[in-house]
Amino acid sequence: MQPTLDRDGWEKVEVAGALKLQIEVLYRDLCAYTLILADDGAVTTPPALGSLREALADGSVFEIEPYFQSVLLSLARTDRKVLGKIYDIGTRPMKLMSGRKLFYAPEIEKIADQFFASNTHQPLLVSPFNGETLHVFPPGVENYRYNLPIHQDYPYLLQSSRQLTFWLNLTDNSGGRAGGIRVYSGTHRHGIAMTFAGEHGHYEVATEHYPNFDPSRYNDSAGGLFEMYAVDSLTWHTSLRNETEDQVRITYIFRISDIGAPDRVPFGMDRATGQAKFEDLHADLYIGN
């Protein structure tokens, strides 16, 4: 039985047709942006850069990917600041227009319409503050601190607990060792969870307060190119580490919130603006030090 947002709190998105074509445009734009960084002198010249340029001109995404992966790995080893520039182009907000267009892909709109349908109020859908992130996960244990433990998205973004996350893998990391997402089906039914701030200040679910929670029951992403999931912001999940030595993983995450819901956070009081924090708005659910 395939997981569904309603029953399991997440589902796999079928990437085909127009949606696949739009994602391919975003992927090619990301490669082209990397070349622009090189042309502007922002990077030293990795050996595969010329091959990437040639493949991008007339190759398929599967012909492009090995060279793109090689360039990313070279940058991870020699020039981390450039990886930061790749992160910046797709984060808060997504600046590539091809990335923004994903919001309006018919397949995405259909999933969102079904998820936010309500008999009690008229949904008012927005893109939340800090709602878009282009995560870049290079190899190396020093990067593990950026992998979030078991958490919900809502405490990070606030705005509305009626919130939907789309998770898209933009590199070929088949085999799963380069990390990804691990989801715990059905945990969205707990609602907003008991939460604490962990070692690196990350919000984590206080799983010990849920005796029926079984951490051995989960689903992991496979790491395939253009693998995509829709995840309820209240579904418990964790970010898996990149345990390879020769792969970089890039994941684009974008979100939609319903601020028409009666239990929304007062508009403008988002963690991004500094006007509110989870522990202020949900003191009864926050476990302090």
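A polar contact is a pair of N or O atoms within 3.5 Å. Keep that cut-off at hand for the exercises below, and remember that the model is predicted.

**Exercise 1. Work out where threonine 244 sits and which polar partners its side chain has.**

Step 1: Find the residue. Threonine 244 belongs to the loop that links strand 10 (237-240) to strand 11 (249-258).

Step 2: Decide on burial. Buried means under 20% relative accessible area. Threonine 244 has 5%, so it is buried.

Step 3: Look for polar partners. The side chain of threonine 244 makes a polar contact of 2.7 Å with the side chain of asparagine 242. A polar atom of the threonine 244 side chain also lies 3.3 Å from the backbone nitrogen of glutamine 247.

Step 4: Look further along the chain. Leaving out residues up to four places away in sequence, threonine 244 touches Pro139, Arg177 and Ala178.

**Exercise 2. Find which residues of helix 3 are buried, and say why they lie on the same side.**

Step 1: List the buried residues. In helix 3 (residues 49-58) these are Leu49, Leu52, Ala55 and Leu56.

Step 2: Check their directions. They cover an arc of only 125° around the axis, and therefore lie on the same side of helix 3.

Step 3: Away from the buried side, helix 3 carries the exposed residues Glu54, Ala57 and Asp58.

Step 4: Name the packing partners. The buried residues of helix 3 pack against helix 2 (17-39) and helix 4.

**Exercise 3. Describe how helix 4 meets helix 5.**

Step 1: Start with the geometry. The axes of helix 4 (residues 61-78) and helix 5 (residues 80-89) cross at roughly 125° and come within 6 Å. Helix 4 is therefore oblique to helix 5.

Step 2: Pick out the residues. Helix 4 contributes Leu72, Leu75, Ala76 and Thr78, which meet Arg80, Val82, Leu83 and Ile86 of helix 5.

Step 3: Sort them by class. The contact has six nonpolar, one polar and one charged residues.

**Exercise 4. Describe the surroundings of isoleucine 23.**

Step 1: Isoleucine 23 is part of helix 2, and with a relative accessible area of 0% it is buried.

Step 2: List its contacts. Not counting residues up to four places away in sequence, isoleucine 23 touches Val15, Leu102, Leu168, Leu170, Phe226 and Met228.

Step 3: Isoleucine 23 and glycine 99 are 76 residues apart in sequence, with their C-alpha atoms 7.8 Å apart.

Conventions. Residues are numbered from 1 along each chain as its sequence is written. This is a predicted model: local features need pLDDT of at least 70, side-chain atom pairs count only at pLDDT 80 or more; totals for chains, interfaces and linings use all residues. Side-chain values use heavy atoms; hydrogens and water are left out. Axes are lines fitted to C-alpha atoms, for helices over the stretch in contact, and angles run from 0 to 180 degrees between N-to-C directions. Helices (H or I, at least four residues) and strands (E, at least two) are DSSP runs, numbered from the N terminus. Angles under 35 degrees count as roughly parallel, over 145 as roughly antiparallel, 65 to 115 as roughly perpendicular and the rest as oblique. Contact means heavy atoms within 4.5 Å. Ala, Val, Leu, Ile, Met, Phe, Trp, Tyr, Cys and Pro count as nonpolar, Asp, Glu, Lys and Arg as charged, and the others, Gly among them, as polar. Buried means under 20% relative accessible area, exposed over 50%, partly exposed in between (1.4 Å probe, protein chains only). The arc is that of the directions from the helix axis to the C-beta atoms. A polar contact is a pair of N or O atoms within 3.5 Å; within protein, one must be able to donate a hydrogen and the other to accept it, and residues adjacent in sequence count only if both atoms are side-chain atoms.
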